[in-house]
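Notebook open; I want to look up the core, the sheet and one loop. The entries follow in the order I made them.

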Amino acid sequence: MNAVLSRPPVAAADVVALLEPQCALHTDCHDVHDADGGFVLLHVMGMPDTYARRHIPNAVFMPHRMITAERLADWPQDTLFVVYCSGPHCNAAEQAALAIARLGRPVKIMLGGLMGWEYEGLAFAGEAALA
């Protein structure tokens, strides 16, 4: 039997109900790259030396375990935070988004992380970018 046709598709209204929140939560590498400000980009995994070596331009180093109300207090309450991690194999972006949301702050996850950024051919900042 044809696996694609073995079950009927989900009703359109149910697809909207399922995907609308996901699309509000996620953004992608090109959207972040092409944006003209309006959010704070957080590099939420790794160590200071890996961040120094390679990160997305203008990203602030704040590993998800270090996210607290005090660390976010430098930005207004309505500041949108966009978080990224190393890629699909890493859940630091989800951990960071959860921590930020628990603090009542707006947050989005940049899908693909560093791997997606590299795959799209976008430029990095840091020591490796200068080599």
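Which residues does Ile-100 touch, not counting residues up to four places away in sequence? I worked on a predicted model. I found contacts from Ile-100 to Leu-42, Ile-67, Leu-72, Phe-81, Val-83, Arg-105, Pro-106 and Val-107.

Core entry. I looked up the largest nonpolar core, which has 29 residues. Ile-100 is among the members that touch the most other members, together with Leu-42, Val-83, Met-110 and Trp-117. I then listed the elements that give two or more residues to this core: the helices α2 (29-34), α5 (92-102) and α6 (113-119), and the strands β2 (40-43), β4 (81-84) and β5 (107-110). The top contributor is α5, with five residues.

Sheet entry. I read the strand order as β1-β5-β4-β2-β3, in an open sheet of five strands with parallel pairing. Which strands stand at the edges? I noted β1 (26-27) and β3 (60-61); each has a single partner strand, so one side of each lacks a neighbour in the sheet. For β1 I followed the pairing with β5, which is parallel and runs over two bridges. Thr-27 has Met-110 in β5 as its bridge partner. Met-110 was already in my core entry, as one of the members touching the most others.

Loop entry. I placed Asp-78 in the loop between α4 (69-72) and β4. Is Asp-78 buried or exposed? Its relative accessible area is 65%; the cut-off for exposed is over 50%, so Asp-78 counts as exposed. I also took the C-alpha separation of Asp-78 and Ile-56, which is 23 Å, for residues 22 apart along the chain.

Definitions and conventions. Residues numbered from 1 in each chain as written. Predicted model: local features only at pLDDT ≥ 70, side-chain atom pairs only at ≥ 80, totals over all residues. Heavy atoms only, no water. Core = buried A, V, L, I, M, F, W, Y, C linked by side-chain atoms within 4.5 Å. Buried < 20%, exposed > 50% of the residue type's maximum accessible area, 1.4 Å probe, protein only. Helix = DSSP H or I, 4+ residues; strand = E, 2+ residues; numbered from the N terminus. Contact = heavy atoms within 4.5 Å. Pairing = 2+ DSSP bridges.
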